[in-house]
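Q: Could you walk me through how to read a protein–DNA model? I'd like the general idea each time, and then the case at hand.

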2 protein chains.
Amino acid sequence: MSLVLPSSGRRVPCEQCPLRAMPSFRAFESQELRFVSSFKTGELVAETGTTLLAEGNNSVHLYTLLSGWAFRYKTLPDGRRQILNYMLPGDLVGLQGSIIGEMQHSVEALSPLVLCVFQRNRLTELFSNHPGLAFDITWLAAQEERMLDDHLLSLGRRNAVERAAYLIAFLYQRAASVGLSGANALYLPITQMHVADTLGLSIVHTNKTLRKLADRKLIRWLDRSCEVLDVEGLMQAAEWEGPLERKRPLI
Amino acid sequence: MSLVLPSSGRRVPCEQCPLRAMPSFRAFESQELRFVSSFKTGELVAETGTTLLAEGNNSVHLYTLLSGWAFRYKTLPDGRRQILNYMLPGDLVGLQGSIIGEMQHSVEALSPLVLCVFQRNRLTELFSNHPGLAFDITWLAAQEERMLDDHLLSLGRRNAVERAAYLIAFLYQRAASVGLSGANALYLPITQMHVADTLGLSIVHTNKTLRKLADRKLIRWLDRSCEVLDVEGLMQAAEWEGPLERKRPLI
DNA sequence: CGGCGGTTTGATCGGAGTCAACCATGGTGG
DNA sequence: CCACCATGGTTGACTCCGATCAAACCGCCG
């Protein structure tokens, strides 16, 4: 369940990182790339269900997700869980902990993962010698903040159907931007439990809500995953304009 | 209503900033302080109700709030509003816009404000020459992210009473940390409309919810403001452990 | 074969929204 | 001076969205 396999050493050199080649990532200077390459100490493979980082924990690593899906969440003392955001390839994992010092949320794998492992103590060096990368990290933090803003708007002011539509459209867009959409269908590796805990709804009501979206031919729910049929329709149902796309950095 | 008075020039030199003297802010190197001082171009005074920054706007300034209260919000196309967070003295205003390039939320003054105005185009210089300050900015962004996480947990998984209790306790703690609590009472300059738009509730239900907190002697609601009587009680009602206090930077 | 996680559906309950008054305050202009 | 109105707060009646309870189904795996 929460077993983390030991690092199996470097497999993907940063210079030939398949992610970096994608159009949504900005080009790096060779010296930046060299630093990132040296910053990376290895790779970590984790299986579905693994808890990568736990709330309250202090000895935190800093990772970049290379492949797979994960999610961030917090819980109340009595066990109620709220999913805060999802993590896709290219996302930094554990940044908050690295910056503030203590992990305030947990991270769990939704699929088998491969992560690049970084040396947290060299973060100061990064800030000192690579202002461009430092800015990138701040950029990523600001981007995460923006996503949380949107999610907050959703929880506070959208009803169940709108929320579900927003969430699925949002995940679709994010997945598409890292090349995870074959044709125009996309399978999200999540259960209705995850949807419920993201939207702040009960599982039962989530099921009925997703049914409505399915009846409107916007999605199809498969076992343990969700197929997106009509993103435009979802965005319209959520009154959502869509993300603003920028070239993003990849640490 | 949305009038912004022109900058009335420098009044408070950074070296003698009254905020900086407070125990919750970390000490700065003299060269850092010198840069911040040169980074600041002047001060801006805004009256209650002023919209400082508007969603979608691109020509964004970067400020630090010197005194007063403000809040960040987003709206759906049909007008529903969600307040995302509040801003107190020492908070950066407009960082997201400076980093990403376009403002994704609006900012409005809850009281008369004084802001330090910074030159956004010198942000690159800050990152290049003052890694410590660059780290501070990232720290502040991570901190904001943490607050949003908490707020998200609240909207998703707490009921009305718990949400209200959490919000008021949260604002109390933040205000206290910048010296805004005389004795143990504190007046929050917000209307029930603000509370409603923060908690994702209707005004009517917000009123009834605050009434419950008042009946339990946790708060007292005055006209256009809220007096906190029992923070511990509020935190308990919200199942909230309280913030983790760290020395914070002041740009 | 049984059990379990994930999904589905129906019945009922309750928390929060909506509608509709009403009051207190304070600022406005005749 | 007062009539007028806008803003913010308060309260009650009724409605409805989403929670809770309950039961069953399905595919999978030990």
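**Reading the DNA contacts and the fold**

A: Let's start at DNA strand C: of its atoms within 4 Å of the protein, 69% belong to sugar or phosphate and the rest to bases. Keep in mind that this is a predicted model, where local features need pLDDT of at least 70 and side-chain atom pairs count only at pLDDT 80 or more, while totals for chains, interfaces and linings use all residues. Residues are numbered from 1 along each chain as its sequence is written, chains are lettered from A and ligands numbered from 1 in the order in which they are written, and side-chain values use heavy atoms, with hydrogens and water left out.

Q: Which residues are closest to DNA strand C?
A: A residue is near a strand if one of its heavy atoms lies within 4 Å of it. Here 15 residues surround DNA strand C, and the closest are A:Q192, A:N207, A:R211, A:W221 and B:S202. By class, that surface has five nonpolar, seven polar and three charged residues. For the classes, Ala, Val, Leu, Ile, Met, Phe, Trp, Tyr, Cys and Pro count as nonpolar, Asp, Glu, Lys and Arg as charged, and the others, Gly among them, as polar.

Q: Which residues come nearest to DNA strand D?
A: Of the 16 residues around DNA strand D, the nearest are A:S202, A:H205, B:Q192, B:R211 and B:W221. Of the DNA strand D atoms within 4 Å of the protein, 70% belong to sugar or phosphate and the rest to bases. Phosphate oxygens of DNA strand D sit 2.9 Å from a side-chain N or O atom of B:Q192, 3.0 Å from a side-chain N or O atom of B:W221, and 3.0 Å from a polar backbone atom of A:A160. For this surface α7(B) supplies the largest share, four residues. By class, the surface has five nonpolar, seven polar and four charged residues.

Q: How many residues does the contact take from chain A and from chain B?
A: Contact means heavy atoms within 4.5 Å. The count is 52 residues from chain A and 52 residues from chain B. Buried area is the accessible area (1.4 Å probe) that two parts lose on being put together, summed over both. Chain A and chain B bury about 4,800 Å² between them, 62% of it on carbon and sulfur atoms. In chain A, the residues losing the most area to chain B are A:I100, A:L152 and A:R157, together 16% of what that side buries.

Q: What is the strand order in the open sheet of chain A?
A: Two strands pair if DSSP finds at least two bridges between them. The open sheet of four strands in chain A goes β1-β8-β3-β6, with antiparallel pairing. Its edge strands are β1 (40–46) and β6 (92–93), each pairing on one side only. Two bridges join β3 (residues 62–67) of chain A to β6(A), and A:Y63 has A:V93 as its bridge partner there.

Q: Is B:H194 buried or exposed?
A: Buried means under 20% relative accessible area, exposed over 50%, partly exposed in between (1.4 Å probe, protein chains only). B:H194 counts as buried because its relative accessible area is 11%. You'll find B:H194 in helix α6 (residues 192–199) of chain B. Leaving aside neighbours within four places in sequence, B:H194 is in contact with B:F71, B:R81, B:I83, B:Y86 and B:L110.

Note on methods
A polar contact is a pair of N or O atoms within 3.5 Å; within protein, one must be able to donate a hydrogen and the other to accept it, and residues adjacent in sequence count only if both atoms are side-chain atoms.
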